[in-house]
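This briefing covers charged side chains and how they pair. Please have the model open while reading.

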Amino acid sequence: MAERANRDDLFVELLAANTKRLYSFIRSMVFNDDNDADEVFQSTCMALWRKFDQYEPEGDFGAWACRMAYYEVLRQSGKRKRVRLMSEQALAALADAAQPLSQRVNDRRDALADCLKQLSGQDLSLIQQRYFEDLRPKQIASEFQRSVHAVYRELNRVHALLLRCVERKLGAHRANMGNIGDSID
């Protein structure tokens with residue numbers, strides 16, 4: 001019983017960690033409607049749950065989930081003609097190309113989240129106002145009694161800081177992955 005609870009917890013943890021990657025992967029194959037992508041995502045999650053006992057814990061859950069999503073897209077396209085957007089061969093090629101891309105997007109998102117945590121309070125506040133509260137530079141300038149030009153200059157500076165930080169983190173991540181690969185050989 002405890003083993004089953006641990007396995008259930010592991011499934012929830014792995015799915016939560018890979019949800020954005022999985023949904024992005026599905027969206028790359030189902031262009032026509034968010035509802036179709038949502039439906040494929042939900043049915044994929046159910047299939048992952050049903051087949052989780054086939055997953056090897058030391059494997060890449062994200063890759064396994066994307067492969068399951070690929071088969072779910074094929075299954076859905078067979079059920080409803082409006083989901084079929086391309087040939088099965090083209091869909092397979094797209095799925096193969098999208099999988100590493102979805103991982104890179106996740107890596108960039110994770111690096112950006114880490115970099116945001118490293119910003120000073122003032123810089124973080126500026127980014128939050130601009131992108132999370134969706135305030136325009138003119139609104140920010142008015143609120144802080146600064147010129148719009150000064151706000152743009154500060155945004156450019158913080159963007160440059162974030163870009164350098166993300167590139168540094170991704171470079172370190174790639175170097176570590178290379179070292180791991182080197183030690184396996």
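Is Asp134 buried, partly exposed or exposed? Asp134 is partly exposed, at a relative accessible area of 47%; buried means under 20%, exposed over 50% and partly exposed in between, with a 1.4 Å probe and protein chains only.

The model is predicted: local features need pLDDT of at least 70, side-chain atom pairs count only at pLDDT 80 or more, and totals for chains, interfaces and linings use all residues. Residues are numbered from 1 along each chain as its sequence is written, and side-chain values use heavy atoms, leaving out hydrogens and water.

**Salt bridges around Asp134**

- The whole structure holds 6 salt bridges, each being a side-chain nitrogen of Lys or Arg within 4 Å of a carboxyl oxygen of Asp or Glu.
- One of them joins Asp134 to Arg130, at 4.0 Å from N to O.
- Arg130 is buried, with 16% relative accessibility.
- Asp134 also forms a salt bridge with Arg136, at 3.9 Å from N to O.
- Arg136 is partly exposed, its relative accessible area being 44%.

- Glu154 and Arg157 form a salt bridge, with 2.8 Å between the closest N and O atoms.
- Both residues belong to helix α7 (residues 148-184) and sit 3 residues apart, about one turn of the helix; helices are DSSP runs of H or I, at least four residues, numbered from the N terminus.
- Glu154 is partly exposed at 21% relative accessible area, and Arg157 is partly exposed at 34%.
- A network of salt bridges links Asp123, Glu154 and Arg157.

Definitions and conventions. Helix = DSSP H or I, 4+ residues; strand = E, 2+ residues; numbered from the N terminus.
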